[in-house]
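Good morning, colleagues. Please look at the model on the screen while I take you through it.

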Amino acid sequence: MQIRSHNDRVDLKSDEYLLETLEPRPVIAREISGKMRRQILAPNGYTCQVCGAGPNEDSGCEPGRKCRLQIDHVVPISQGGTDDEKNLRAVCVYYNKDKANLKVPTSRDAISAMALIRRQPRHVQQEVYKFLAGKFGPKPGSK
Ligand SMILES: [Zn+2]
């Protein structure tokens with residue numbers, strides 16, 4: 001059995017454990033180390049690589065929920081994917097490959113730009129926001 005802890009999933013607190021499936025896992029399935037997790041998360045500014053949300057921001061993967069991040073295999077282990085860094089990315093825990101139907105299109109360029117902005121202090125983010133709001137103006141219906 002594979003029991004997840006906060007070392008495996010960002011959405012778990014340090015005293016929480018999760019049995020994801022009753023299927024026994026092959027013993028060779030390796031855990032993703034904390035160091036690896038940081039290598040995956042940090043360059044992207046701790047954002048979901050699908051919708052661009054950061055922890056506790058509104059998730060684009062599951063509208064109405066707050067984003068919680070997990071490490072996802074781009075190619076699932078069951079389909080021959082590996083724990084190699086290139087096959088790992090951060091996504092909302094709600095993200096479901098099978099029913100991915102996102103209203104938030106995010107190019108890689110936009111994701112890396114947002115990641116940069118998210119790492120800035122709040123006042124810098126507000127400056128960027130003001131700049132963009134001034135440039136593009138408020139959209140009808142938004143406030
Ligand atoms: Zn997401």
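How many bridges join strand E3 to E4, and in which direction do the two strands run? Five bridges join them, and E3, covering residues 69-73, runs antiparallel to E4.

The chain has a mean pLDDT of 79, with 83% of its residues at 70 or more. Helix H2, residues 108-118, has the lowest confidence, with a mean of 76, whereas helix H3, residues 122-136, has the highest, at 90. Over residues 99-104 the pLDDT falls below 50, and this stretch makes nine contacts in the model beyond near neighbours in sequence. Where pLDDT is low, the predicted coordinates should not be read in detail.

Let me turn to the overall arrangement. There are three helices and four strands in the chain, and along the sequence they follow the pattern β-β-α-β-β-α-α. Of the 143 residues, 15% count as buried. Among contacts between residues at least 6 apart in sequence, 53% join residues at least 24 apart.

Next, the interior. In soluble globular proteins, nonpolar side chains tend to be buried together. Here the largest nonpolar core has 12 residues, including Cys48, Val50, Cys51, Ala53, Cys61, Cys67 and Leu69, together with Tyr94 and Tyr95. Strand E4, residues 88-92, supplies the largest share of this core, three residues. Is E4 enclosed or open? Four of its five residues are buried, so E4 is largely enclosed by the rest of the structure.

Ala90 shows what surrounds the core in this region. Apart from neighbours within four places in sequence, Ala90 is in contact with Ile40, Leu41, Asn44, Thr47, Cys48, Gln49, Leu69 and Ile71. Of these, Cys48 and Leu69 are also members of the core, as is Ala90.

The number of buried residues among its 15 is zero, so H3 lies largely in the open. At 1.5 Å a residue, H3 should span 21 Å, and its end C-alpha atoms are 21 Å apart, which agrees. Following H3 is Gly137, with a positive phi near 75 degrees.

I come now to backbone angles in residues other than glycine. Most such residues have a negative phi. Which positive phi does Tyr46 have? Its value is about 55 degrees, although Tyr46 is not a glycine. Tyr46 lies in the loop between helix H1, residues 34-41, and E3, and counts as partly exposed, with 18 C-beta neighbours inside 10 Å. Asn56 also has a positive phi, near 70 degrees. Asn56 is placed in the loop between H1 and E3, and is exposed, with 9 other C-beta atoms within 10 Å.

Finally, consider the loop that links the two strands with which I began. Asp84 lies in the loop between E3 and E4. Why does Asp84 count as exposed? The cut-off for exposure is 12 or fewer other C-beta atoms within 10 Å, and Asp84 has 11. Asp84 and Met36 are 48 residues apart along the chain, and their C-alpha atoms are separated by 9.3 Å.

Thank you for your attention.

Key. Residues are numbered from 1 along each chain as its sequence is written. This is a predicted model: local features need pLDDT of at least 70, side-chain atom pairs count only at pLDDT 80 or more; totals for chains, interfaces and linings use all residues. A nonpolar core is a set of buried Ala, Val, Leu, Ile, Met, Phe, Trp, Tyr and Cys residues joined through C-beta atoms within 7 Å. A residue is buried if 20 or more other C-beta atoms lie within 10 Å of its own, exposed if 12 or fewer, and partly exposed in between; C-beta atoms are placed from the backbone. Two residues are in contact if their C-beta atoms, placed from the backbone, lie within 7 Å. Two strands pair if DSSP finds at least two bridges between them. pLDDT is the predictor's confidence in each residue, from 0 to 100. The expected span of a helix is 1.5 Å times one less than its number of residues.
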